[in-house]
Amino acid sequence: MTELGPVAWPPAPIRTERLVLRESEARDRAAFIELLASPEVHTYLGGPRPLDELEREVPDVPGQWPGCFVVELDGAMIGEILLRRAPGHSRPAAAGKVDLGYLFLPRAWGFGYAAEACAAALAWFDGALPGEPVVLHTQTANVGSMRVAAKLGFTEVERFHGWDAEQWLGLRASVASSA
């Protein structure tokens with residue numbers, strides 16, 4: 001049993017028209033560090049982490065946990081998708097639900113990769129755990145993330161103030177199994 005429930009992990013790689021979602025590998029370490037150290041990526045996430053700290057702390061094969069997909073374009077990591085069960089101390093509307101998160105390198109922004117990769121991860125999730133709703137948190141100032149949430153079918157549940165900014169919580173209704 002994982003924090004996603006009774007799901008076998010990792011799944012086979014998921015292929016979209018342009019991307020591959022897969023388990024992390026050692027060759028992804030530099031891209032993980034770049035994601036975590038990027039001031040642009042962390043504009044709405046509390047700021048980047050120091051590069052020297054990341055070099056010491058990031059494991060040889062980062063992101064090795066259920067719900068973490070590497071997003072690959074042309075053989076190289078451009079981002080990650082995270083599906084994790086929201087902790088019980090989160091917002092009441094999110095508690096116990098699976099939370100969708102994603103980070104993409106700035107060079108991959110503006111091409112629709114986040115929406116494409118998240119849609120593929122959500123389709124996998126719907127097959128693995130039919131009927132489970134998914135939530136997404138973002139700052140309202142993060143216009144790109146708000147656009148992705150709308151494209152993916154998330155609807156606003158609430159806005160709240162946290163981490164010194166207005167936050168948005170969206171819900172994607174559960175998709176029942178067609179089987």
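**The sheet**

I started with the strands: 8 of them form an open sheet, ordered β1-β2-β3-β4-β5-β6-β8-β7, with mixed pairing. Strands β1 (14–15) and β7 (155–162) stand at the edges with a single partner strand each, so one side of each has no neighbour in the sheet. For my own reference, two strands pair if DSSP finds at least two bridges between them. Helices (H or I, at least four residues) and strands (E, at least two) are DSSP runs, numbered from the N terminus.

I must remember that this is a predicted model, where local features need pLDDT of at least 70 and side-chain atom pairs count only at pLDDT 80 or more, while totals for chains, interfaces and linings use all residues. Residues are numbered from 1 along each chain as its sequence is written, and side-chain values use heavy atoms, with hydrogens and water left out.

Strand β6 (residues 134–139) runs antiparallel to strand β8 (residues 165–172), and 6 bridges join them. In this pair I found His137 opposite Leu169 in β8. Helix α4 (residues 143–151) packs on the sheet and touches β5 (98–104), β6, β7 and β8; a contact here means heavy atoms within 4.5 Å.

**The whole chain**

I counted 4 helices and 8 strands. Along the sequence they come as β-β-α-α-β-β-β-α-β-α-β-β. Of the 179 residues, 46% count as buried (under 20% relative accessible area; exposed is over 50%, partly exposed in between; 1.4 Å probe, protein chains only).

**Salt bridges**

How many salt bridges does the structure hold? I noted 16 salt bridges, each one a side-chain nitrogen of Lys or Arg within 4 Å of a carboxyl oxygen of Asp or Glu.

I looked at Arg29 and Glu55 first, whose side chains meet at 3.3 Å, N to O. Arg29 lies in helix α1 (residues 29–37) and Glu55 in helix α2 (residues 51–57), so this pair ties together parts 26 residues apart in sequence. Arg29 is buried at 18% relative accessible area, whereas Glu55 is partly exposed at 42%.

Then I turned to Glu34 and Arg107, with their closest N and O atoms 2.8 Å apart. Glu34 is in helix α1 and Arg107 in the loop between β5 and α3 (113–128), so they link parts 73 residues apart in sequence. Is Arg107 buried or exposed? At 55% relative accessibility, Arg107 counts as exposed.

My last pair was Glu57 and Arg49, at 2.4 Å, N to O. I also found a network of salt bridges with shared partners, joining Arg22, Glu25, Arg27, Asp28 and Glu72.

Methods:
Axes are lines fitted to C-alpha atoms, for helices over the stretch in contact, and angles run from 0 to 180 degrees between N-to-C directions.
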